Amino acid sequence: MLLLFVSLALGSPADEVCIAFTGDLMHHCAQAPAARAAGGGEGYDYRGSFEHVRGILSAADLAIGNLETPVDGVFEDHCFPRFSAPPEYLDALADAGFDVLSVANNHALDRGSDGLGRTTARVAA
C-alpha cells in the first residue's frame, strides 16, 4: 500500500490539515482464508491486513483510499479477473482509519452496474 501525506498550512500552525492518500485497496483470493480464520470461521476479519498502517491513517485528518474491489454482497467466484470482497472488508477499512473511499477505477464494474450500486450503497452507509 502506497501512502502519500499532504500537509496544508491554512494560515497558522493551528490550521494545519494532514491528508493521507493510499493506492489500491484490492482484495485478493489469498486474503480470504486468513480473514476467515481470523473471524473464527464465522464471517471474516480483515483488521490484521491493516494493522501496520492503522496508526498512520487514524492520525490523519482525512484518509482517502482507492477501493479497487466491489463489496456488493456477492462473494463467490471473487478472484481474478472479477474481484469482490465481503462486507467485513469495509469494516476493516473503517477501523484502519479511512474516511473516504473512491470506487472510480477499472474494477468498479467487476460485478456489473448492479454490483457497483450495491458497493456504493455499502460504502456510503
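1. Start with a term. A salt bridge is a side-chain nitrogen of Lys or Arg within 4 Å of a carboxyl oxygen of Asp or Glu. This structure holds 3 of them. Side chains of opposite charge can pair when their charged atoms come close.

2. A word on the source. This is a predicted model, in which local features need pLDDT of at least 70, side-chain atom pairs count only at pLDDT 80 or more, and totals for chains, interfaces and linings use all residues. Residues are numbered from 1 along each chain as its sequence is written, and side-chain values use heavy atoms, with hydrogens and water left out.

3. The overall fold. The protein has 4 helices and 4 strands. Helices (H or I, at least four residues) and strands (E, at least two) are DSSP runs, numbered from the N terminus. Read from the N terminus, the order is β-β-α-α-β-α-β-α.

4. The protein has 125 residues, and 37% of them count as buried. Buried means under 20% relative accessible area, exposed means over 50%, and partly exposed lies in between (1.4 Å probe, protein chains only). A contact means heavy atoms within 4.5 Å. Take the contacts between residues at least 6 apart in sequence: 67% join residues at least 24 apart.

5. The pair Asp-45 and Arg-47. Their side chains meet in a salt bridge, at 2.6 Å from N to O. Asp-45 is buried, at 18% relative accessible area. Arg-47 is partly exposed, at 44%.

6. The pair Asp-95 and Arg-54. The closest N and O atoms of this salt bridge are 3.0 Å apart. Asp-95 belongs to helix 3 and Arg-54 to helix 2 (residues 54–59), so the bridge ties together parts that are 41 residues apart in sequence. Both residues count as partly exposed: Asp-95 has a relative accessibility of 35%, and Arg-54 has 24%.

7. The pair Asp-72 and Arg-118. This salt bridge spans 2.9 Å, N to O. Asp-72 sits in the loop between strand 3 and helix 3, while Arg-118 sits in helix 4, so the pair ties together parts that are 46 residues apart in sequence. Asp-72 is buried, with a relative accessible area of 3%. Arg-118 is partly exposed, at 34%.

8. A charged residue without a bridge. Glu-68 lies in the loop between strand 3 (62–67) and helix 3 (88–96). Glu-68 is buried yet has no salt bridge. The nearest side chain of opposite charge is Arg-111, 14 Å away. For charge, Lys and Arg count as positive and Asp and Glu as negative; His and the chain ends are not counted.

9. What surrounds Glu-68? Leaving out residues up to four places away in sequence, Glu-68 touches Asp-24, Leu-25, Met-26, Asn-105, Asn-106 and His-107. The side chain of Glu-68 also makes a polar contact with the side chain of Asn-66, at 2.8 Å. A polar contact is a pair of N or O atoms within 3.5 Å; within protein, one must be able to donate a hydrogen and the other to accept it, and residues adjacent in sequence count only if both atoms are side-chain atoms.

10. The pocket lining. Residues lining the largest pocket include Leu-90, Phe-98, Val-100 and Arg-122. Helix 3, strand 4 (100–102) and helix 4 (112–124) each give two or more residues to that lining. Helix 3 gives the most, with 4 residues. On a 1 Å grid over the protein atoms alone, a pocket is an open set of points where a 1.4 Å probe fits, with protein on both sides within 12 Å along at least five of seven lines; lining residues have an atom within 4 Å of a point.
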